[in-house]
Amino acid sequence: ADGPCRATGWLASADTLASLDAVAALGCRTARDGDAISVDPAGAPADLLRTAKEPLLIDCRNSGTTARLLCGLLAGWLPVGGPGVVLEGDASLRRRPMGRVVEPLRAMGADIEHLDAAGRLPLRVRGAALRGCRHDLPVPSAQLKSALLLAGLHAAGETVVAGGGASRDHTERLLAAMGQAPRRGAGDALAVGPVGRLRAYAIAVPGDPSTAAFFQVAAALVPGSRLTVPGQS
């Protein structure tokens with residue numbers, strides 16, 4: 001982004017904390033104040049990552065979203081010629097499939113290497129010159145769609161992602177708030193092109209129905225319960 005970003009209504013959970021820690025590991029300045037977070041990209045060490053002798057290690061812990069979105073973001077953002085970034089996770093995350101994200105990114109020219117079992121973490125991402133192409137998703141997946149859209153921001157030419165229409169649209173909304181709403185094509189196709197910098201944002205995150213659902217179900221099971229869920233849209 002072209003300046004500090006701020007979000008209120010941020011949900012502190014194991015997955016979101018893993019993502020925030022990954023952003024800090026990449027050199028951004030982060031801060032938390034209650035349900036608000038701020039991220040300042042000014043310190044992101046592109047030059048440091050280019051001249052480092054060893055790859056930067058990022059522990060995604062148990063967050064598949066963190067690992068898969070970072071694959072797309074780092075593939076074109078990292079400086080070419082540097083040692084790159086190693087994405088690691090806990091025992092559970094190392095069993096989860098990553099090939100569904102890695103292979104489409106490789107089709108764009110991404111330099112991603114599995115360091116152990118094929119299609120699993122840990123993996124190393126090095127900077128590469130990406131080229132835009134069309135991706136037809138076999139099944140709707142917000143994580144895969146988001147990874148490809150993020151990669152497309154750093155690829156030459158247009159990147160088109162189709163087949164993700166039934167998946168969550170958080171990334172499209174965020175890109176729109178940052179001045180780069182994906183262009184809509186035939187059907188549910190989305191297209192992005194290369195950008196220099198995105199616009200800094202100040203946003204309020206709506207309440208998360210999937211998180212509230214556990215409490216809503218519990219209240220429905222107990223006669224006489226009354227539950228208020230604020231901030232949902």
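View 1. Helices (H or I, at least four residues) and strands (E, at least two) are DSSP runs, numbered from the N terminus. The model is predicted: local features need pLDDT of at least 70, side-chain atom pairs count only at pLDDT 80 or more, and totals for chains, interfaces and linings use all residues. Residues are numbered from 1 along each chain as its sequence is written, and side-chain values use heavy atoms, with hydrogens and water left out. Val229 has a relative accessible area of 32%, so it is partly exposed. Buried means under 20% relative accessible area, exposed over 50%, and partly exposed in between (1.4 Å probe, protein chains only). Together with Phe214, Phe215 and Leu227, Val229 makes a nonpolar surface patch of about 430 Å². Patch residues have over 30% relative accessible area and no salt bridge; like charges are joined within 9 Å, nonpolar side chains (Val, Leu, Ile, Met, Phe, Trp, Tyr) within 5 Å. A salt bridge is a side-chain nitrogen of Lys or Arg within 4 Å of a carboxyl oxygen of Asp or Glu. Areas come from the Shrake-Rupley method with a 1.4 Å probe; for residues, only the protein chains shown count as cover.

View 2. Helix H6 covers residues 170-177, and its buried residues are Thr171, Glu172 and Leu175. Seen down the axis of H6, these fall within an arc of 100 degrees, so they line one face of the helix. The arc is that of the directions from the helix axis to the C-beta atoms. His170 and Arg173 are exposed, on the face turned away from the buried side of H6. Cover for the buried residues includes helix H5 (142-152) and strand S13 (190-192). Gly179 follows H6 and has a positive phi, near 85 degrees.

**View 3. Ser63 in its loop.** Ser63 lies in the loop between strand S4 (56-59) and helix H3 (64-77). Its relative accessibility is 1%, so Ser63 counts as buried. Ser63 touches Asp15, Ala18 and Leu93, leaving aside residues up to four places away in sequence. Contact means heavy atoms within 4.5 Å.

**View 4. The chain around these sites.** Seven helices and 14 strands make up its secondary structure elements. Along its principal axes, the C-alpha trace spans about 65 × 40 × 40 Å. Buried residues are 40% of the 233 in the chain. The chain exposes about 12,000 Å², with 55% supplied by carbon and sulfur atoms.
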